[in-house]
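The following note sets out numbered points on the model, for reading beside the sequence and the coordinates.

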Protein chains: 2
Amino acid sequence: MAPILLNCMGSDHKEYIEHTVHVKNPYLETMEEDILYHFSLGTKTHNLPEMFGDVKFVCVGGSTNRMKAFAQFIHGEMNLPGSSEDLRDICEGTDRYCMYKAGTVLSISHGMGVPSISIMLHELIKLLHHAKCRDVVLFRLGTSGGVGLAPGTVVVTEKAVDYSFRPQFEQVVLGKVITRSTELDEGVCQELLQCSSELRNLPAVIGNTMCTHDFYEGQGRLDGALCTFSHEEKLEYLQKAYEAGVRNIEMESTVFAAMCRVCGIKAAVVCVTLLDRFKGDQITTPHDVLLEYQQRPQVLVAHFIKKRLGIPV
Amino acid sequence: MAPILLNCMGSDHKEYIEHTVHVKNPYLETMEEDILYHFSLGTKTHNLPEMFGDVKFVCVGGSTNRMKAFAQFIHGEMNLPGSSEDLRDICEGTDRYCMYKAGTVLSISHGMGVPSISIMLHELIKLLHHAKCRDVVLFRLGTSGGVGLAPGTVVVTEKAVDYSFRPQFEQVVLGKVITRSTELDEGVCQELLQCSSELRNLPAVIGNTMCTHDFYEGQGRLDGALCTFSHEEKLEYLQKAYEAGVRNIEMESTVFAAMCRVCGIKAAVVCVTLLDRFKGDQITTPHDVLLEYQQRPQVLVAHFIKKRLGIPV
């Protein structure tokens, strides 16, 4: 289908609008240039529609090494021409994030925590907008602490919840706190669960994901530099989380869900659990086992993408 | 002075305690092993006192490249033996953070935002504790948006404040919000200002630093993917910040100040401003000028360290 310009009329226009990425900022169109500073890209220095116009899937995760590995993995899975070893970091002008493109799949790192992924998402959403991308699905592939699950289980997030188990994200705008919904796309979530059932060695569940702003006190760990609570109080908090449907804990899902929702992007959070927090705090699993666990979200999402693209799985 | 054991008695003991890094966690001493997961270091796998026992200055900053460059720079400034090119990333087993040691100076990256630096600080404070370090001074060397200052000005933080200009940090512990003070060490702050006056091309001021949890809406930028306020409302917010003594805006200072204070570590925040937020949002300064700006906090802190160590400046 040929691209339809934003200013055309009729029902095609409505359909176009429905499937594009919505930036919600009237000022953007008035800017002569938009510098995506933390990507080291810009609308004047780079031809964003040419570079990114065909992107249909964006996969993001905390670690640079892991997102490079994912780009190489999906390159092989999609039988793309050329060597996956030749994939180049599109953001090589900065060390804030890395970005790789394999066919219609973009793989980007986002660092750790809500503020870090939030900067990346602002610039990614603007990038997709400038590039006139359509029908994009966005995945966060991550690691997490499990709540009552065997380590290695993949959690596909139903609702991203805050420290009080509420499905909301609090955003400060000019000194005032506003609240945004963190609902994710139900269709993509169910499709991912179906994919997991088609794969061997990929235990997966749908559950709520709690997003915290720190790894130690906020998640009830007893092994940080600071700890003012008891083992019993920790277990009580985790039990309350479990009863609220929380199956894993990580540090980015609420803002990811909230921003994708506001901007009309279908999105899913797919995190593997590295340990069961009811049983401990430290990650003592051997390195090679952790590596295999960390590949599971990648294998699951690669399967989803291949099915969507009609590539034999 | 020979190391004094923690269980010794008398006034020496009191003095020792006063100068050590205080972890505030009774569980730590009961752990057989402490894995500093995001550093890829541990008490069983690494001899932390031997590796880090002599550390007196820790410099942290967001970017991995910049903190590697700082380690190489301070290596040269301190006339240390060997080539600065040979400095090795101590955290090479992970890509979460990087860490370099040059003499008694440790240089570590912390990524962007409060959650990211908070994980690093928990593990750094435990590392300094396990290594039995004494009299450590901790610096955050960063970049920031200026509020009513010429770009390139270095701000030495008096108080780290939140989005409402309050000198406090809100920490969630097991689902409850607690508040911690964000006061920084006044002596180190004044000493840094004195150092700046001894250097050419190093404009510096003491001021409050506002710490936000995002780069766009929270800082009143008009160029994010989302923007619901007007240019006038933005300026009004920045004006209020200015009147509250805020001279720059970044994303890590409150938790940095709060954790250092609780753990008895003298700390300072030294950030250069890349633009004046009254005049714009985008960072359009040429790359080479930005690089020179980014070196200013490094030059200032290196001068401080050399003076403290009695190295001719």
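1. In α4(B), residues V114(B), I117(B), S118(B), L121(B), H122(B) and I125(B) meet T254(B), V255(B), F256(B) and M259(B) of α7(B); contact here means heavy atoms within 4.5 Å. Helices (H or I, at least four residues) and strands (E, at least two) are DSSP runs, numbered from the N terminus. The model is a predicted one, in which local features need pLDDT of at least 70 and side-chain atom pairs count only at pLDDT 80 or more, while totals for chains, interfaces and linings use all residues. Residues are numbered from 1 along each chain as its sequence is written, chains are lettered from A and ligands numbered from 1 in the order in which they are written, and side-chain values use heavy atoms, with hydrogens and water left out.

2. The axes of α4(B) and of helix α7 (residues 253–262) of chain B cross at roughly 25° and come within 9 Å. Such axes are lines fitted to C-alpha atoms, for helices over the stretch in contact, with angles running from 0 to 180 degrees between N-to-C directions. α4(B) and α7(B) are therefore roughly parallel to each other; angles under 35 degrees count as roughly parallel, over 145 as roughly antiparallel, 65 to 115 as roughly perpendicular and the rest as oblique.

3. How many of the 10 residues in α7(B) are buried? The helix is mostly covered, with 8 of the 10 buried, where buried means under 20% relative accessible area, exposed over 50% and partly exposed in between (1.4 Å probe, protein chains only). The buried residues of α7(B) include T254(B), V255(B), F256(B) and M259(B). Just after α7(B), G264(B) takes a positive phi of about 70°.

4. The largest nonpolar core has 88 residues, of which F139(A) and F39(B) touch the most other members. Such a core is a set of buried Ala, Val, Leu, Ile, Met, Phe, Trp, Tyr and Cys residues joined through side-chain atoms within 4.5 Å. Helix α4 (residues 114–130) of chain B supplies the largest share of this core, 9 residues. A second, separate core of 87 residues includes V21(A), C263(A), M112(B) and V270(B). Beyond its neighbours within four places in sequence, F39(B) is in contact with C91(B), T94(B), Y97(B), M99(B), I108(B), M120(B), E123(B), L124(B) and L127(B).

5. In chain A, helix α5 (residues 186–197) and helix α8 (residues 287–309) have axes that come within 9 Å and cross at roughly 105°. That makes α5(A) roughly perpendicular to α8(A). Among the residues that meet here are V188(A), L192(A) and C195(A) from α5(A), and L300(A), V301(A) and F304(A) from α8(A).

6. The UniProt record (unreviewed entry) places "domain: Nucleoside phosphorylase" at residues 56–305 of chain A; its positions are given in the numbering used here, feature names are shortened, and annotations may be inferred rather than shown by experiment. The end C-alpha atoms of residues 56–305 of chain A lie 9 Å apart, and the span is 34% helix and 27% strand.

7. UniProt also places a "binding site" (unreviewed entry) at R96(A), R140(A), L141(A), G142(A) and T143(A). T143(A) is found in strand β6 (residues 137–146) of chain A and, at 18% relative accessibility, counts as buried. Apart from neighbours within four places in sequence, the contacts of T143(A) include R66(A), E250(A), Q294(A) and R96(B). L141(A), also in strand β6 of chain A, counts as buried at 2% relative accessibility. Not counting residues up to four places away in sequence, L141(A) touches residues including R66(A), F70(A), P297(A) and V301(A).

8. For "binding site" (unreviewed entry), UniProt lists Q219(A) and R221(A). Where in chain A is Q219(A) placed? Q219(A) is in the loop between β10 (204–211) and α6 (231–243), and is buried, with a relative accessible area of 2%. Leaving aside neighbours within four places in sequence, Q219(A) is in contact with T212(A), D214(A), L238(A), I249(A), E250(A), M251(A) and R277(A).

9. Two backbone values may be checked. F165(A), in the loop between β7 (154–161) and β8 (168–173) of chain A, has a positive phi of about 70° although it is not a glycine. D135(B), a residue other than glycine, has a positive phi near 55°; D135(B) lies in the loop between α4 and β6 (137–146) of chain B and is partly exposed, with a relative accessible area of 37%.
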